[in-house]
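Dear colleague,

I am passing on a structure that you have not worked with before, and below it I set out what I found when I went through it.

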Amino acid sequence: MIEPDVFVAADNILSPIGETTAENFSKLKQNISAVKQHHDPGISSQPFYASLFNGNESFLKNGTDTYTKFEQLLIASVSDALHDSGIAIKDKKTVLIISSTKGNISLLETEINNPELKKRIALSTSAKLVSEYFGFITQPIIISNACISGVLAMITGMRLLQSGQYENAVIAGADVITKFILSGFESFQALSPQICKPFDKSRDGLNLGEGAGTIILSTNKKYQHNIKVKGGSVSNDANHISGPSRTGKELAYAIKKAMSDAAVTPGDIDFISAHGTATVYNDEMEANAFALSGLQSSPLNSLKGFYGHTLGAAGLIESIASIQSMKESLVLPTLGFKDMGITNPLNICTDLLPGDFKNCLKTASGFGGCNAAVVFGK
């Protein structure tokens, strides 16, 4: 059986700097970052840098009592992506995929811990609420695999469409930053006291961020002039619960398998959207993996200096920005990078890079040693 092409039918980025993909990309081109210093005792006793909504936004006109902030972000992002997309929601060939690392875990900070709360916190509860809001008739799928969740959700959607089980996949990811999450990263001493510096020699940790992203995939030929999801793959280091592989061989394995799946060679990859968390070990590991994959010369960026690490939304938000880069023939810079701080030097973008970009590689890695790579192309 010949697998059908999988096209990007529509997308949305919902972040502190914009409510649509177009708004976000416009800000990114102007080097406007969502990461700022915050003084919020409800999250941390110390000032911290992060990309946060200001707390006064109303993501939905109605239903603020029914839905948590996390669910409101998902609904608002999906709503914008669906608008004028031509995708039929009430169709047994349309599936909803939800990506998140933490979901409603912050309810543990404010509510009484009982069986009812455990059910409310469950990602399956959120997925059901979001699905019912739109009227999906198929059962939603949840992807929660640390920081590769967003990329893995897209690969899952691609494979479900290629297998013929569905014709459309609405893939949405979101995470909200709370005291529970921030304190966890603080305990790892992984947070930077300034805007993060991916791949820089003075990098000293990551910034966290909140936001949502939605990408709608379809095998319908009416989208055949759109960007395609050409291939993807996942792997695991089996190295450490929170530390990445020191060699990068396992991410390189996923990259090579993704390129093989997409029927492209290293020379076909016009630019890379790296995970680029700005932690010492992640960036070194990724650089090793790109070197092992023959991609040292490919233009590369990390968007963590613009958005922080948006966890379950990161893979989606950064992929959508990369798809927009291909559409506008403009690769974004790596905010915060100045001096090469990795053993295997990379071709890191420091300014807007114009060009004809036909294929893009997106990577992600996360706790538990998970890695993912996906290839988008014209």
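How far is the sulfur of C370 from the closest cysteine sulfur, and in which residue is that sulfur? Please keep in mind that the model is a predicted one. The sulfur of C370 lies 7.1 Å from the closest cysteine sulfur, which belongs to C147, and this is too far for a bond, since a disulfide requires the two sulfur atoms to be within 2.5 Å. C370 is also buried, its relative accessible area being 3%. For C349 the closest cysteine sulfur is that of C360, at 11 Å, again too far for a bond, and C349 is likewise buried, with a relative accessible area of 6%. The structure as a whole contains zero disulfides.

Turning to the helices, α6 (residues 149-162) and α11 (residues 314-328) have axes that come within 5 Å of each other and cross at roughly 70 degrees, which means that α6 is roughly perpendicular to α11. Where they meet, α6 contributes G150, V151 and M154, while α11 contributes G315, L316 and S319; by class, this contact has three nonpolar, three polar and no charged residues.

Finally, F337 sits in the loop between β12 (330-331) and β13 (347-348), and with a relative accessibility of 10% F337 counts as buried. Leaving aside residues up to four places away in sequence, F337 touches P198, F199, D200, I348 and T350. F337 and K201 are 136 residues apart in sequence, yet their C-alpha atoms are 8.6 Å apart in space.

With kind regards

Methods: Residues numbered from 1 in each chain as written. Predicted model: local features only at pLDDT ≥ 70, side-chain atom pairs only at ≥ 80, totals over all residues. Heavy atoms only, no water. Axes fitted to C-alpha atoms, helices over the stretch in contact; angles between N-to-C directions. Helix = DSSP H or I, 4+ residues; strand = E, 2+ residues; numbered from the N terminus. Parallel < 35°, antiparallel > 145°, perpendicular 65-115°, else oblique. Contact = heavy atoms within 4.5 Å. Nonpolar A, V, L, I, M, F, W, Y, C, P; charged D, E, K, R; others polar. Buried < 20%, exposed > 50% of the residue type's maximum accessible area, 1.4 Å probe, protein only.
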